[in-house]
Every structure is written in structure tokens, then in C-alpha cells.
Amino acid sequence: MERGNYILRKTAFAVATLIAVLIFNFVLFRILPGDPVKLIIHSPRMTREAQERIRANFGLDRPVWFDGERWREGNVLGAFDSQFAAYVRNLLRGDLGISFASRKDVADLLAERAWRTVVLVLGGDVIAIVLGMAVGLIAAWRRGTRLDLAILLWGLFSWALPTFFLGIILLILARGRLPVGGMVTPGLKPEDGLAYWADVGKHLILPTITMAIVYTSEYILIMRSGVMEVLAEDYILTAKAKGLSTLRILRDHALKNAMLPMVTMIALTFGYTVGGAIQVETVFSWPGIGRLMYEAVQKRDYPVLQGSFLLLAVSVIVANLLADLLYSVLDPRVKAD
Amino acid sequence: MRKNLWKLLVTMAILTTFIPGLAGCATPTPEVIEKVVTQIIKETVKETIIVEGTPQVIEKEVTKVVEKEVTKVVEKVVTATPEPKPVEPVTLRVGMTYIWDTANPTFGWYNYGLRYLLYDTLVEEAGISNFVPGLAESWTVSDDGLVWTFKIREGVTFHDGTSCTAEDVAWSLNWTIENEIETFSFYLINFQEIIALDPTTLQVTLSEPVGNMEYLLMYVWILPRSVWEGMSYDDIMEFEDFAAGTGTGPYKLIEWVEGEYLILEANENYFRGDPAIDRVVYQEYATEDVMVQALLAGEVDVIDTVPSTAIQTLEGVENVELAVMWSTEIDELIINSHENGTQPASLNDPAVRLAIAYATDKQQIVNVAYLGYAEPATVVVPASLGKWHNSDIVDIPFDPTEGCRILEEAGYVDSDGDGIREDDDGNPLEYRLYATEDATPARILEIISDGLAQIGISAPPTLMDEDSLIGLYPDFDFDLIYWGWGLDPDPDFAMLIFTCDQREEGGWNDSGYCDEKFDEMYIQQGTMVDQEARRELIWQMQEQLFEERPYIVLTYVQNVQAFRSDRFTDFGLYAGDILWKSAFLQAKPVQ
């Protein structure tokens, strides 16, 4: 019963956050200076009528929140025919609008790019999680030794490395041996089967290494401190006194109890997967969501930005919710909060 | 002990870095294969290029010879290798930070250079303002300047095989006007009637004479009826099919993966003959710096921009050649000239404007901000526009002492000793000086601000977001703005931005300058068929702007591109873009 309550509370909170994000997302792009029509129209001598037509096409001729004039005229329904109403209506239909630049459906654009980002981030994440946890565990077990110091220093050093800087250095080092950018050699298609995926794999190496180096350090540091904390507990001493093997103590007692912060970390990592690779995607010209956002900023393609922000927010909120729910499974104490 | 620690660190670094990388290193590099094949083709291709320059009649004969050579080469290949591989096409790979927004030419704004490889126009540009026949072989104009007759090339076909006769050209132009095609219909504003007299003769009747017919026509692509006929306006705007790339141009659109790459293939039926380069692959890189790395690695053959910070890096590199070209770009300091603008009254004083000109160190801007790849400017029409540029104007030199003298004489003195001059009413000469927040504008703004400080004018540099800056224009709520233009090859647009009408919302007049006499001259030049008379008037307009200074034009800018000289050679230089049709079609692979 209590657990049901907990789940309900957390879900309600996530939904409330989502609604706040939706409104914020709308307001954010309306308070920006400049006329969006100026951003859509590039041709220097377009007639005013044609400009108006485009304005109407994008719904930018409607008032932002509420049409007071129509309200006074007694047109109640028409009064709510505002940009905000259209935004909500379209969202409910899964319509994220049309890109200013390519006039393509934003939802389609995001879907096209999303799987590419997932391909890129998944490898880096998995390597980082496995390697980070293992190394962190070793460091904690051998705490105070030179090995621990070395791991700690490496963790801090690589954590502090700016992603784009590390990426560029790796890129210059590997120049000529590995492709400096892109996802696939132009012309190869998924239909080409193995040749295509081998080529994608080759393009994946540098970005994956970059992501792995940066993310591993986070896991090392959190794992190390988490396990160290647990190892100081009395029950570990008891376990040692009972004569349990190092492996069993680490596996059954230390690791399990140190998993809580790790679950949050992992959930957040995957939550940020969608947008978290902006820097890596930008350095390695990877055609994912991150680069889509980077380009949308440069071209002031507001609908695309709005759509990707929304996707980002939703994935973080969902990942957080999942972490919260997992907590209640992993740790019975949580529901009492 | 210390050694151990380092060993560990290094081992860890290797572990995290290289384990996942091993698999990929084993794959063979396809480049080697490519090199072998391109060598074979190069010989034949070179011949085709020579064909291009010669007149048409000879062209046919030469083409036959070339064909023979082709078979010879193929035979050689057969004897040389027992198992002949299919001949791979000559491929030129281009690196860009953004390929384009859409294949649809009716609203696609990015990468006109690429679009010009797909479509043809009646008139083409071989150099800035140097017009040559395109789909139209020749043209004549009636004495009153109203009726233009074009002779259309025979036997031209669109990529989909449909013919492109004078009737089709007429259809395309009429369709462009009827549907108000956003990207180029406004060039046809004065076109009243467009009809085909016979399959090779097109007649255009204008509502009033135009002074720059060739220039207007070089922007209007001839699109196929087979693709666009019968579509509503909304259908046209939503058309995303690759068929949108169908034209009569030297290349066909084969593939485009958004955010990744685009592939073009030579149109063997192109009216100037099969292009020397068989395939063009555009590859997208997220940043210019990485693009430079791709060029160094030989992953691309041409990059369309070289960031100024990378120019020195590339200068000494073997097998990389820089292409430096004058562009139509200008940089200017805008002085708010609107009578209802929010600038202080002193800024409207010609003496103050002249003093500001004396305090502007253009050479320093060229050296520091452009590393020498620019030149100090005088008038709005850049020198690259040839005869249209008023070369009689002698620039105001950088001379702060003279600037001080002028201000002193005009009664602006520093009465309170704070280093800033005041006008008669005691208002200090303090101006708002803005630019967009990018590296180059930031450097230029510093130089301008320093110069103004030397003549007792306080204008601390303020950098702001581009949108915020554009947001200031409608109300003319600024004093000085550093800005730049990429101008048209015809001086019309450079003059248009100083006309009164353009001050309205949605217009292009960013200085607020408005003068009746200037407006009259603008309208007049647009209708002058006599090019020499038009030039004189344009020169006069530039002189007026130079004297009244709504702009202090700072620099004419050069564009720098780079290519692999071990793979390709003989690119033409055109207005800052070796990928522009006329420049690009000259390129050939290296033997």
C-alpha cells in the first residue's frame, strides 16, 4: 500500500514537472528578441504580402496567449485561437511543428536523428558503466594504497577534461587512420549490410572512446566513494569476522549497498543520452540530436529547438521517475520518505 | 615507486582508450583502390575539359576523338589487369559545415552554389558582373528597351529526359511569377508577358525598361514542367521529393542524407558536354576546424571555408592549396541617420561623421581581424564589382590628429577635462557602439572604440546576440553598429538599402538614411538600358553616400577556400567560391 502511494506520488510529480516544462518551453521561445518571420524569410526583396502569407502559414499572425478583441466581440471560442492554444493542441496530436529551415516535420527530424544518437551513446555509456564500476570497486577495496591514489588521480583528471578538447586531441592523433567525422562514408547504405555497419563502427571508435573516457571517471569516483562508505559499516566488519571471502563481501554486501547512488547515476546518464552528446556529436560531426540542436541554434530554427528541448526534458523526467521507482524496489526504506 | 604510478596511469589510459578501437583498425582503407582507378580516368577526363573552352561546332568533332581515347584507355586496363574492375568515377569530395536546408528550390536558401549545378539559367556569370550565355545562346533588345528576344539552345533536356524548349522556358518563368516563388520571383517583377515564338525563340515584354536584365535572369532557375505542373502553392512548398532537384544543369541530384552527405552525378547530356568530374560528394562537418583536419587527412578534396585561424596552418602544407578570392562582402560601421532615431544630435553633424572617419583605422582592422585577407574600403559598392565600383573616391586616411582638429573647429571641446568632448549644450560625445558577439566583430569593435577614444569620443564596445541587435533596427534605437553585407554582383541591391521605402518594417535600410534625390536616382538607374549612363549614375550615388556617411565602409573582404592539389587542379576563382558553377566546371583531376 505504502509502495503504491510512493509510486503515485512520484508519478504525479513527474507529470507536474512535465507540464511546467511544456509551458516554460513555449514562453522561452516567445520572449526571445527578434521577429521569427525575419528568420524564416531570407530573400532580400520578398513582397510584404508574401511575408504575411508565411506569417499566417506558421500561425504567427495569431496573438500569443489570448485574443482580447475577439473576446469583446463575443467570439468566445475564437478568442482562444492563440499561438499557445495551437501549441498545446498540436502537442496533444504529437505535432511538434515545422522546421523554419527545412520546413520538415520536427517530429520526423527528431525521430531520424534519435536512433543515431542512441547508437553513439550506448556504447560509450556501457563501457563507462562497466569499467567505471569495476575500477571504482577496486579502488575502494584497496583504499589508501598507491593503486587507489593512481585511480583517484586518473578519475579526477579525466573528469576535468573538457569533452570537446579531448575529442579534438584524439581526432588529431588518429587523423589519417580513423575518419575525422561523420557516421558513414557517403554512399554506403544500411542495405549494404556488413560493409555499412563495419564503416559505421569505424566512425564510432573515436566518439565512443571520448565518451567512455569522460563518463568512466564519473562512475569511478562515485563507485569508489559509495563502496568506501559501505566498507566502513559494522556489518562489513561482521562479515569479515565470519570469515567470508573478499569477493563475497564485495559482491554480496558492499556492491549491493553501494548500488543506490549508482542507479541514480545510470538513470541520469541514460536520461541525458538524448541531448548529452552535443559536444561529442559536434566535434565528430555525428548526425544526432545534439548536432541537430547545435545547428538549430545557429540557424535560429526555433521549432526544432523547441522540439529537441521537449524531448530532452521528457527523457530526463522519465529516467528520473524510473530511478525513483527502482529505488523503492532496491531499498525498502525509501517508501517511508 | 613513482615509475609504477605512471605505469599504472598509462596502462589505464591505454585500457580506456584503445581496447574498443582495435576492431576498426583492421579494415582496409578504400583509398588505395580509389587511387589506382582514378589514374586511369584522369587522362580521358582532361581531354573533355579542353573541349569545353572551344566553340560549339568544333566541340562535336573533338568529342568523338575523346570517345575513341576512352576505349583505348579501357583496353589498356584490360591488358594490364587480367580481371578488369569496373572503372570507378572521378569523385570530388567537398567538406562543408552545412550542406543545405532542402532539395526544394522554391524556398531553399542555403548553398546556391550547389543548386546552380542542378539548374540552368538563361544567363550565367563567369566572373563577378561578367555575364555569359546560359540556356539562352544570345539575346537582343528593342530600342525602347521593353521587348527582349532570346535565342534558346536547341536539344537541351532536363535530367528526367523531358525537353527544354523555349515553350518550356516560358512555362517555367510564368509559373515562377504566378506562384510568387519566394527565392527568385521578385527578379521578374517587371516581366509583363513571356511567350515562345517558336521552339528556340523566347520573347519577354517588360512593363518598364530594366537596367540590369542579365543580372536579373542569372538568378531565375528554369524548372521542369514535368515535375511542378499542376501543384497548388501549398503542394509546392511541401514538395520534398528529390525530383525537386531536376533541372538541365551539369549534375543530377542522386542522394541526400540530411546532416550527413549529398551525392551528385554528372549529367552526360549537359549542353556543354559531360563534366570532367563524374561524382561530387558533399560531406557535412559540424565545425570548420574539424573540416580542416578532414582536408589534411585527405578525407575531402575541397573545403568551402577556411577559418582565419587555420589559414597559417594550411599555408605551408604540401598538397594543400589555398584559393584566395575577392568576394562581394563588405564590412561597415553604420551611423544611425534616421531623423526619428534615438541617436544624440551631435551624431547627425557632418563634422562629427567626418571626424569618426578620420579615427577609423581600417588597415588595422585588415591586419588584426582579417590577417591581411581583406583591404581597406571606400564606397558601398566593393571593388570586386568592377566598373560599378567608384574608383575615383579617395579614402579618408586614419589620422586622429586631423579628426581632433575637425571636432575642435566645429566647437566640440573637452570643457571638463574628462577626456570626452562636449557639444554646445554640454552633452558629452558618448555613443553606443554595438556588434554581434562573435570573435571577428569583437576585435573590430575594439579597434573602432580605441580610435574614437583618441579623438575624444567615448564609445565602449558592446557585444550582443544577433537577434537582439536586429531587434534594435525597427525603432532605430542605436548610435553605431558594426555590420556586414554579402552583396549582389549588380550594384542595385547595394543602393536599395539606402532608399526611404526600405526603412519600413521588413525592409533592409539599417542606417535610416533617406534622401529624396537619392531615391530618384535609384529609380532612374533601375530603368537605364545604357550601361555607361547607368554606371555614371551609380558612381554619383556612391559619392553622395560617401559624403553623407550613413555607413563608414570599413573593408572589402576576401574569401579563402582550400583544396587538395594532389587530387584536383585548375579551379576557376569566382567571387569567393571555387565551387561556383563557372569556376567548378574548369576543375580537373590531377594526372
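Predicted model: local features only at pLDDT ≥ 70, side-chain atom pairs only at ≥ 80, totals over all residues.
Which residues of β5(B) lie on its covered face, and which on its uncovered one?

**View 1**
B:W148, B:F150 and B:I152 make up the covered face of β5(B), while B:V147, B:T149 and B:K151 make up the uncovered one. Take B:T149 as a landmark on the uncovered face: B:Q203 of β7(B) stands opposite B:T149. Another landmark is B:K151, the bridge partner of B:S138.

**View 1. An open, antiparallel sheet of four strands in chain B.**
Follow the strands in the order β4-β5-β7-β6, and you have traced the whole open sheet. Strands in a sheet are held in pairs by backbone hydrogen bonds, in either a parallel or an antiparallel manner. In this sheet the pairing is antiparallel. The edge positions belong to β4 (136–141) and β6 (191–198) of chain B; each has a single partner strand, so one side of each is left without a neighbour in the sheet. On average, neighbouring strands are turned by 20° against each other, direction ignored.

**View 2. Helix α6 against the sheet of chain B.**
Spanning residues 166–178, helix α6 of chain B packs on the sheet and touches β5, β6 and β7. The direction of helix α6 makes about 165° with that of β6(B).

**View 3. The hairpin of β4 and β5 in chain B.**
Five bridges also link β4(B) with β5(B), again in the antiparallel sense. Together β4(B) and β5(B) form a hairpin, with five residues between them. Within the turn, keep an eye on B:G145, which has a positive phi of about 75°.

**View 4. B:Y412, a tyrosine in a loop.**
You will find B:Y412 in the loop between α14 (400–409) and β14 (433–436) of chain B. For a sense of scale, the C-alpha atom of B:Y412 is separated by 65 Å from that of B:M231, 181 residues apart along the chain.

**View 5. The largest nonpolar core.**
Nonpolar side chains in soluble globular proteins tend to be buried together. In this model the largest nonpolar core has 219 residues, and those touching the most other members are B:V94, B:V169, B:Y282, B:L295, B:L333 and B:I481. Helix α10 (residues 194–231) of chain A gives the most to this core, with 14 residues. Zoom in on B:Y282 and you will see that B:Y282 touches B:V94, B:M96, B:I99, B:L114, B:Y261 and B:L262, not counting residues up to four places away in sequence.

**View 6. Helix α11 and the outline of chain A.**
Chain A has 15 helices and zero strands. One of these helices, α11 (residues 234–241), is hardly covered: among its eight residues, the count of buried ones is zero. After α11(A) comes A:G243, with a positive phi near 85°. Across the 337 residues of chain A, 33% count as buried. The radius of gyration of chain A is 25 Å, whereas a compact globule of 337 residues would have one near 20 Å.

Conventions. Residues numbered from 1 in each chain as written. Chains lettered and ligands numbered in written order. Pairing = 2+ DSSP bridges. Helix = DSSP H or I, 4+ residues; strand = E, 2+ residues; numbered from the N terminus. Axes fitted to C-alpha atoms, helices over the stretch in contact; angles between N-to-C directions. Contact = placed C-beta atoms within 7 Å. Buried ≥ 20, exposed ≤ 12 C-beta atoms within 10 Å, placed from the backbone. Rg over C-alpha atoms; globule rule 2.2 N^0.38 Å. Core = buried A, V, L, I, M, F, W, Y, C linked by C-beta atoms within 7 Å.
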